[in-house]
Amino acid sequence: MKKLVIAEKPSVGREIAKNLGCFDRSQGYIEGESYVVTWALGHLVELSPPQHYSEKYKRWSLKDLPMLPEKLDETVIEETKDQFDVIASLLKRDDVSSVVIATDAGREGELVARWILKEANWNGKCERLWISSQTEKAIKEGFETLRPSSEYDNLYHAAECRAQADWYVGMNVTRALTCYYDTKLSCGRVQTPTLALMTQREDEIERFLGSFYYSCRANFGLFSASYYPEDNSIRFTDENLAKEMEEWKGKKGRIVSIVNEEKSEDVPLGYDLTELQRDANISYGFSAKDTLETLQRLYEIHKIVTYPRTDSRCITPDIVPTLKDRIKALSNTPFSRQVDEYLKNGFRENNPRFVNEKDVSDHHAIIPTEETVRLENLSENEKKLWSLIALRFLEVLGDNYEYRTTTLKVNVENKIFIARFSTPLKRGYRGVSLSSGMKSPLLTSDDEDSFFLPSLKEGDEVTVESIKVRKSSTTPPERYTDATLLSAMEHAGRFVEDKELKANLTCGLGTVATRADIIEKLVQNRYVERDGKYFVPTAKGREVVRLSPTLLRSPELTGVWEGRLENISKGKESPDLFIKDIKKIATELVADVEKSTLVFSPDFKDGKKCPYCGSMMMRSQDSDGSIHFICQKLSCQYEEREYKVKVSSPIASSKKTFSTTESGKIKVVISKKSAVKVPTVYETKTEVVRESKLQYKRDNKERKDFSSFSFSKDRKDSGNATMADFFKLSKEREEERKNRKKK
Ligand SMILES: [Zn+2]
């Protein structure tokens with residue numbers, strides 16, 4: 001009898017197959033003596049769409065909302081049905097006696113496998129492979145210690161509840177908004193509050209009124225100090241004082257106090273995914289998605305780091321005996337000096353903040369595996385990301401940084417100037433980045449050491465040798481970047497007023513595993529745009545937030561849900577009760593939309609008026625540079641495209657000289673060299689991409705159902721106007737063009 005192993009995707013499946021001695025390849029699986037290894041392609045099964053429950057849901061209509069099927073069913077995803085069929089037929093084989101779930105060891109991975117087994121009606125024995133690295137050793141050990149899958153039932157329930165909650169809320173609110181405002185507006189449990197963070201910031205920026213302030217810094221020869229009108233601020237607004245201070249060169253001052261303090265800075269904790277995404281964005285400008293994808297390759301292909309989608313920054317005690325081998329694996333890298341140092345003189349292996357079973361839920365922090373690192377096999381980006389992880393790992397195993405601060409106060413004309421110095425006493429973990437020649441993201445320019453000159457003492461007289469007054473203007477709050485947005489999502493509780501709620505809100509918006517996808521989805525839907533490293537909400541994005549139900553906009557709701565899902569995964573809450581509450585909320589949200597007195601009026605500054613319905617059309621650029629204008633009214637949907645065509649001007653391209661010869665003939669000399677350079681002239685042409693439905697209605701004098709509406713043009717319908725669809729089509733058009741060129 002054989003065990004059927006289901007991996008998350010083909011690459012992982014092949015790796016496991018190799019380790020289990022399976023070499024007989026067939027379409028969709030690999031077979032050996034005791035195992036058959038197959039794989040999913042992410043989800044192969046999804047929740048059924050609304051029309052599955054009732055014919056009437058085919059048509060989007062306010063009067064059919066809310067849609068609250070008693071139980072949600074699952075459907076096999078059409079695009080990947082072949083692979084599902086492979087697994088289903090393997091499950092039916094007589095020689096397959098049990099299943100090993102080897103999908104991603106997390107909430108979503110659990111759901112991938114469980115839904116496949118459910119759809120394929122598998123009721124037999126089932127075990128779970130739960131590993132944190134893809135190394136041979138980890139896979140081998142994992143198969144020796146398989147757990148009964150029932151131990152992960154609660155995780156499965158939490159995953160299913162998450163999916164169902166998103167369905168009840170997403171489907172209902174998206175349809176409610178879309179029908180009510182006659183424009184495609186998509187909403188989601190996590191997507192909307194995340195977008196709201198950005199649009200609120202945009203509002204703050206617009207409301208911001210700048211003002212001026214002064215700051216002043218004096219040079220006393222041996223040191224420089226800044227004027228502090230208050231203990232923690234160098235800003236002041238008194239213009240007269242500023243003018244006066246500019247003339248203070250040569251003035252005498254007295255040192256009124258020198259205070260020394262010895263301090264110790266704890267070593268940092270290891271990386272969880274969000275923290276790593278943040279640092280990679282700050283250090284290398286990687287987007288959250290870039291980091292996750294690169295990290296996935298380091299984990300899966302190179303096998304040199306542990307499981308990426310973790311929210312823990314600690315390790316469990318059973319990892320401690322393996323630390324030495326993990327350090328050794330970094331031998332032939334820029335960290336070799338630190339590696340030698342640790343192997344020779346030891347390292348800190350029992351720091352209770354880092355080795356902390358309590359703070360590890362599904363997976364420990366992202367750390368190097370025991371697999372020897374071969375830098376030559378890594379791409380530039382992989383190298384960069386890996387080096388952040390290796391650096392942090394070595395830092396975590398170091399000692400605290402100990403230093404002395406000296407605060408020196410000088411009184412000049414009864415104004416207090418303060419200088420601060422920082423002198424390292426023991427470098428501790430900060431030495432790791434120094435010895436490897438790499439800049440640690442933990443250290444900012446403020447951390448630079450400045451040695452205090454011990455010859456000074458209280459009461460000493462000093463002279464102002466030079467003085468500078470600066471006039472600056474206050475700056476508006478900064479737009480979000482990948483790094484700051486990830487922080488804001490992680491600490492969504494910060495934006496919550498209610499104290500009690502805040503205490504419960506430990507989970508933030510989304511999970512470590514999903515944050516990158518949520519950000520990408522907002523970009524795809526054109527609710528925000530990237531401008532360099534910043535996110536700028538679009539006019540449509542701002543409208544979605546303005547028109548969404550208040551409850552859905554705030555982080556409270558989703559934070560509370562995330563907390564409840566966490567409880568379900570721990571078996572502390574019943575899934576039924578949760579879903580009951582979700583249905584109630586979906587009903588309230590729909591009612592909220594229907595009560596609204598607002599209208600959809602995005603500020604499409606660069607748009608133009610729709611010739612059919614008169615509303616402003618959204619402007620969007622196609623990948624070939626042509627500009628599309630898309631009417632946002634669902635009842636219209638007119639779309640046109642503007643593109644430029646070169647206009648040739650042959651007359652001006654060369655210079656002709658006429659002369660009459662002696663025989664009386666006319667001689668024409670065309671001289672190319674002297675051709676006058678005429679700038680190329682472009683003409684803008686407009687082409688209708690999709691006729692307005694209003695036009696269609698007029699022509700047919702009868703109203704047609706949206707869903708049965710089709711276009712007989714050669715272009716596919718880019719209807720329903722989500723930007724994701726638009727970009728997909730744009731990509732297809734580009735492919736088409738390329739193929740045509742090849743031919
Ligand atoms: Zn229109």
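The following legends describe close-up views of a predicted model.

**View 1. Overall content of the protein chain.** In this predicted model, the protein chain comprises 22 helices and 25 strands. Of its 743 residues, 37% are buried. Where contacts link residues at least 6 apart in sequence, 75% of them join residues at least 24 apart.

**View 2. The mixed sheet that contains strands S1 to S4 and S7 to S9.** Seven strands make up this open sheet, in which the order is S2-S3-S4-S1-S7-S8-S9 and the pairing is mixed. Strand S2 (24–26) and strand S9 (147–148) are at the edges and have a single partner strand each, so one side of each lacks a neighbour in the sheet. Helix H1 (residues 10–19) packs on the sheet, where it touches strand S1 (2–7), S3, S4 and strand S7 (96–102), and the direction of H1 makes about 165° with that of S4. Within the sheet, strand S3 (residues 29–31) and strand S4 (residues 35–39) run antiparallel and are joined by three bridges, and Glu-31 stands opposite Val-36 in S4.

**View 3. The antiparallel sheet that contains strands S10 to S16.** Strand S10 (residues 212–219) runs antiparallel to S16 and is joined to it by eight bridges; Arg-217 has Lys-468 in S16 as its bridge partner.

**View 4. Nonpolar cores.** The largest nonpolar core has 137 residues, of which Ile-6, Val-37, Ile-116 and Ile-389 touch the most other members. Helix H5 (residues 153–181) gives the most to this core, contributing 15 residues. When neighbours within four places in sequence are left aside, the contacts of Ile-116 are Ile-6, Ala-40, Leu-44, Val-45, Phe-84 and Ile-87. Another core, of 16 residues, lies apart from the largest one and has Tyr-214, Tyr-227, Val-412 and Val-464 among its members.

**View 5. Helix H6 and its buried residues.** Helix H6 (residues 191–207) has 17 residues, which at 1.5 Å a residue should span 24 Å, and the distance of 25 Å between its end C-alpha atoms agrees with this expectation. The buried residues in H6 include Gln-191, Thr-192, Pro-193, Thr-194, Leu-195 and Ala-196, and also Leu-197, Met-198, Thr-199, Arg-201 and Glu-202.

View 6. The peptide bond that joins Leu-65 and Pro-66 is cis, with omega about -5°, and Pro-66 is found in the loop between strand S5 (45–47) and strand S6 (74–76). Asn-121, although not a glycine, has a positive phi of about 55°; this residue is found in the loop between helix H3 (107–119) and strand S8 (125–128). Because Asn-121 has 9 C-beta neighbours inside 10 Å, Asn-121 counts as exposed. Asn-414 is likewise not a glycine and has a positive phi of about 60°, and Asn-414 lies in the loop between strand S13 (401–412) and strand S14 (415–426). With 5 other C-beta atoms within 10 Å, Asn-414 is exposed, since the cut-off for an exposed residue is 12 or fewer.

How values were computed: Residues numbered from 1 in each chain as written. Predicted model: local features only at pLDDT ≥ 70, side-chain atom pairs only at ≥ 80, totals over all residues. Pairing = 2+ DSSP bridges. Helix = DSSP H or I, 4+ residues; strand = E, 2+ residues; numbered from the N terminus. Contact = placed C-beta atoms within 7 Å. Axes fitted to C-alpha atoms, helices over the stretch in contact; angles between N-to-C directions. Buried ≥ 20, exposed ≤ 12 C-beta atoms within 10 Å, placed from the backbone. Expected span 1.5 Å × (residues − 1). Core = buried A, V, L, I, M, F, W, Y, C linked by C-beta atoms within 7 Å.
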